[in-house]
Amino acid sequence: MRPLFLALITVGFGLNLEAQSLPELYQMAETQSESLGSKAALVEQANVRYYQALGSIFPTASLEFSKTKQDQIASGLAGAITNFKITGTQPIFKGFREYYGLFQARELLRSEAQGQKAEKLRLREQVAARLFKFLSLEAELKSFAEGQSALEKRVSELRARVQTGRSKRSDVLSAEANLESLRSQMKIFEAQRDIETQNLVFLTGLKTSLKVPTFAPLKSPVSLEEMSRFSNSHPKVQAESHKLEAAKDNRMMSLGEHLPTADLSGNYYLKRTGTFQDVEWDIRFDAKLPIFQGGVGINKVREAHAKERQALLEFQKAQRETSLQIQNDVTNYNARLAELRSLEKAVELSKAAYKEQSSQYDLGLVSNLDVLSSLSTYYETKRSLDRSLHELLFLEEKLRLLRETVQ
C-alpha cells in the first residue's frame, strides 16, 4: 500500500510555481525572505562592531594643526603660536575593559551568526509545512473527487432501480443529499488549498509551474534519545549561549571601571612657534585612579549583573523550549507512523465493507443508508490516511532539517 499512497503526492500542481526539489524551494525562499536578509545585516553589523572593539587595543596616530592668536606678552612680542604635529597614543592599561569589550563583541557576533542559522531553519520549516499542507489538501481533494464520482454513480443506479420498483424515492433523495454535502465540503477544501498556494508563493516568490518533488519511503521509528542530543546544539540555544557569555564579559568590563588606567602619548612637531619652538618632540605618561564617580561605576556593575541574570534565564528558556519541541516532534512522528500503518489496513477494510454492503443491498439484506454510510466511511478513512501521511512526511523533513543544521 505504501507506494500507492506515496504516489498520491506526485500528482501535478494546479499551482503557478517552478521547482524540482525541496532544496530548490528552500533556496528560493531564502532569496525571497526579508527576515533572513535582516539577520544577515545584523551579522554584518556585529562583525563591524567586533573590529571596532579590536581597534581600541591598537595605538592611534593623528596629524594635528593649530594656530593660536595671543595678546601682548611681557617681552613686548605679540602674534600667533602655530603647532603642526603628529600625535600618537598607546593605551597601556584600562582595567582590561578593552579586552573584555573585544570578547563581548566576539560573542555577540557568534550569537548573531547562530541567530541567522536559526532563522534559516525556521524559514525552511515554514516552506516544508506549507508544501506538505498543500500536498495533503490536493490528495484529499482527489479523494473527494473519487467519492463524488462514486456517489454520482450511486444516484444513477438508484434512479434506475426506482423506475423498476426495486428502490424507493427516498433512497435517491438520501444519496443526492450526501452528494450535495460532499460538494459543499469540497468548496471549503479548495479554498484552503488556494490559501496554502498563496502562502507558498509568498514564501518562495515562485511564478511558473511546479513539478512536485518525490519522497523516499518512510523510515522506522525515531529514537528520542538520538534526537535529544541535538537540543543543546540547536542554533536558537547556541545564540542564547553566546549572549550569556557576552553578558559575562560585559560584567567584567564594568568591573574595570574601578581599576586604574594608564596611557602613553607622544608628539612630534613638524612646525612649532612660541616659547617651545626648539622642542621637536615630547612624550607623556598619564595614570588615573578612580576614587569617586558619583555612584556611576557601581551602578554600571549592578546593571551588568542584572543583564547577566536575564541572559541566563533566556538561555535556560531556549534550552527547555527546544528540548520540549524535539520531544513533541519525535513523539508525534512515532505516533503518526503507527497511525499510518493502522489507517492503511482501515482503508482496505472499509473498501471491502462498502463492496459487501453494496452486494447485500442488491439482495435486500441492508438498507440504502447502510450503503451510503459505508461509502462515506471508506472515503473519510482514505482522507485521514492522506492527512496522516503528509503530516508524517513533514515531521520527517523537520527532523532531517534539524540534523542537517546542527551537524
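**A chat about the model**

Modeller: Let's start with Val237, which is buried at a relative accessible area of 1%; buried means under 20%, exposed over 50%, and partly exposed in between, with a 1.4 Å probe and protein chains only.

Biologist: Before we go on, what kind of model is this?

Modeller: This is a predicted model, where local features need pLDDT of at least 70 and side-chain atom pairs count only at pLDDT 80 or more, while totals for chains, interfaces and linings use all residues. Residues are numbered from 1 along each chain as its sequence is written, and side-chain values use heavy atoms, with hydrogens and water left out.

Biologist: OK, back to Val237. Which helix is Val237 found in?

Modeller: Val237 belongs to helix H7. Helices here are DSSP runs of H or I with at least four residues, strands are runs of E with at least two, and both are numbered from the N terminus. The C-alpha atom of Val237 is separated by 5.8 Å from that of Gln319, 82 residues apart along the chain.

Biologist: And how many helices and strands does the protein have?

Modeller: There are 9 helices and 4 strands. From the N terminus on, the order is α-α-α-β-β-α-α-α-α-β-β-α-α. Of the 407 residues in the protein, 38% are buried.

Biologist: At what angle do H7 and H8 pack?

Modeller: H7 (residues 235–255) and H8 (residues 296–362) pack at about 165 degrees, with their axes 8 Å apart. The axes are lines fitted to C-alpha atoms, for helices over the stretch in contact, and angles run from 0 to 180 degrees between N-to-C directions. H7 and H8 are therefore roughly antiparallel to each other; that label needs an angle over 145 degrees, with under 35 for roughly parallel, 65 to 115 for roughly perpendicular and the rest oblique.

Biologist: Is that crossing left-handed or right-handed?

Modeller: H7 and H8 cross left-handed, where the near helix is turned anticlockwise from the far one by less than a right angle, clockwise being right-handed. By class, their contact has 10 nonpolar, 6 polar and 10 charged residues. Ala, Val, Leu, Ile, Met, Phe, Trp, Tyr, Cys and Pro count as nonpolar, Asp, Glu, Lys and Arg as charged, and the others, Gly among them, as polar.

Biologist: What about H4 and H5, how do they pack?

Modeller: Helix H4 (residues 97–163) packs with helix H5 (residues 169–204) at about 160 degrees, axes 8 Å apart. The two are therefore roughly antiparallel, and the crossing of H4 and H5 is left-handed. Their contact divides into 20 nonpolar, 9 polar and 13 charged residues.

Biologist: Switching to rings: how many aromatic pairs are there?

Modeller: The count is 6 aromatic pairs, taking rings of Phe, Tyr and Trp (its six-membered ring) with centres within 6.5 Å; planes under 30 degrees apart are stacked, over 60 edge-to-face and the rest tilted. One of them has the rings of Phe65 and Phe84 with centres 6.0 Å apart and planes at 70 degrees, so the pair is edge-to-face.

Biologist: Where in the chain are Phe65 and Phe84?

Modeller: Phe65 is in strand S1 (residues 60–70) and Phe84 in strand S2 (residues 79–93), 19 residues apart. Phe65 is exposed at 56% relative accessible area, while Phe84 is partly exposed at 29%.

Biologist: Which charge sits over the ring of Phe144?

Modeller: The charged end of Arg383, 3.9 Å from the ring centre. The rule wants NZ of Lys or CZ of Arg within 6 Å of the ring centre and within 35 degrees of the ring normal. Arg272 also lies over a ring face, that of Tyr269, at 3.9 Å from the centre.
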